[in-house]
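Dear colleague,

Please find below the structure that I am handing over to you. My findings follow it.

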Amino acid sequence: MIRKFKTPISDNIVNIGPDAGYDQIILATETSCDETAAAVVLNGRHVLSNVVASQIETHKKYGGVVPEVAAREHLESINMVVEEAVKKSGIKLNEITAFAATVGPGLVGALLVGLNTAKSLSLVYDKPFLGVNHLNAHVCANYLSSENENPNIWKPPFVCLLISGGHTQIIRVNSYCNQELIGETLDDAVGEAYDKVARLLKLPYPGGPLLDKMAQTGDKNRFKFTEAKVGEYDFSFSGLKTAVLRLVQSFDGTSYEKPPVPVDHSSSLPLRSGCEIPREDIAASFQEAVSVTLLKKTLKAAKDSNINQITLAGGVAANSEIRKKFFSLENTGFRVHAPALKYCTDNAAMVASSAYFLSNVMEELDIEVFSRVK
Ligand code: KG4
Ligand code: ZN
């Protein structure tokens, strides 16, 4: 299927996608949350440059992302990040086939920065503008490879488990331009659950990667958590989070019955003498409960769909235990893939890939951003 896009000034038609039959270079921006990113990608797969400026240090002191602060930081960094991406790619701006940006879901003020940057470039160079859905983009991270890596030839159909700070979904990718949602979380996203449990264990924001590290030295069988009873491809993590809270309270002496007290994260939890919180064992047991559920449901979705290819995507796909469990499926006849770690967390290369493979309806320059999944 050839997708046709108009240039904004001269109304020229530009064909985009694998069937268009010529080399296409897309420059994309990504500013949906707390990373300011720009990338240049050839034919949806080959990353010529990928620049990410993280705001983690700024938001750390607040214990989470502050939307207004994020938008302001994006504004300060975006020009520099785009310039660096262009320079590193070795491509001139007038050689770019199309410009793309994440239009949602995400923080509205933050999204507008990347969107307006890409739109402006599209106007100045009279090349099409393509709006990209952030979730589609995470899935497309599976198609990416860098210059000195082996060409990645991962192709649909596959079942993708998308696990990020804001979303947890099972998606059936029937073809390059058809991603079908078949299950999702009913409450917290996996990354959100990781970050909240990490806070309970006194780890700084964003706690996911630190909890992953801490879990590696703990006993994953010490505590058993019950799995939520939801639809066969759906998830729920809020009960698990509460179970961890109760467990921590049972060690630090805070009563079970009392509502959770506001925790002062800058000081230590009051410890009952001689009764240390077994943080490593709690981290490992939590990680085990999460990864077992994710694996079980994704595997069921793949089997029910008669698809023997499974992928991971999103920031939590960087998790060591989840990767280990999923890759062990290769011993049972499945082909398993996960993006390189730098393409799991938010980046613009995945946005360029998604623009190439499946963005199809958002070419108008008056396109709006959106905060939640439509
Ligand atoms: O995809 P992403 O960069 O941003 C969103 O679109 O949300 O994902 C960020 C999330 C955060 O919650 C972070 O704690 C989590 O991914 N994360 C991890 C790991 N690395 C990042 N969670 C668990 N283990 C990790 N190794
Ligand atoms: Zn993301």
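In this predicted model, the shell around ligand 1 has 11 polar, four nonpolar and three charged residues. Nonpolar here covers Ala, Val, Leu, Ile, Met, Phe, Trp, Tyr, Cys and Pro, charged covers Asp, Glu, Lys and Arg, and polar covers the others, Gly among them. Of the 18 residues around the ligand (a heavy atom within 4 Å), Gly 165, Asp 195, Asp 212, Gly 315 and Asn 319 come nearest.

Oxygen atoms of ligand 1 lie 2.6 Å from a side-chain N or O atom of Asp 195, 2.8 Å from a backbone N or O atom of Gly 165 and 2.9 Å from a polar backbone atom of Gly 315. The protein buries 88% of the 550 Å² that ligand 1 exposes when taken alone (Shrake-Rupley method, 1.4 Å probe). Helices H4 (134-140), H5 (190-200) and H6 (208-215) each give two or more residues to this shell (DSSP runs of H or I, at least four residues, numbered from the N terminus).

As to confidence, the protein chain has a mean pLDDT of 89 (the predictor's confidence in each residue, from 0 to 100), and 88% of its residues reach 70 or more. Over residues 255-274 pLDDT stays under 50. Where pLDDT is low, the predicted coordinates should not be read in detail.

On conventions, residues are numbered from 1 along each chain as its sequence is written, while chains are lettered from A and ligands numbered from 1 in the order in which they are written. Local features need pLDDT of at least 70, side-chain atom pairs count only at pLDDT 80 or more, totals for chains, interfaces and linings use all residues, and side-chain values use heavy atoms, with hydrogens and water left out.

Yours sincerely

How values were computed:
Contact = heavy atoms within 4.5 Å. Polar contact = N/O pair within 3.5 Å; in protein donor to acceptor, adjacent residues only side chain to side chain.
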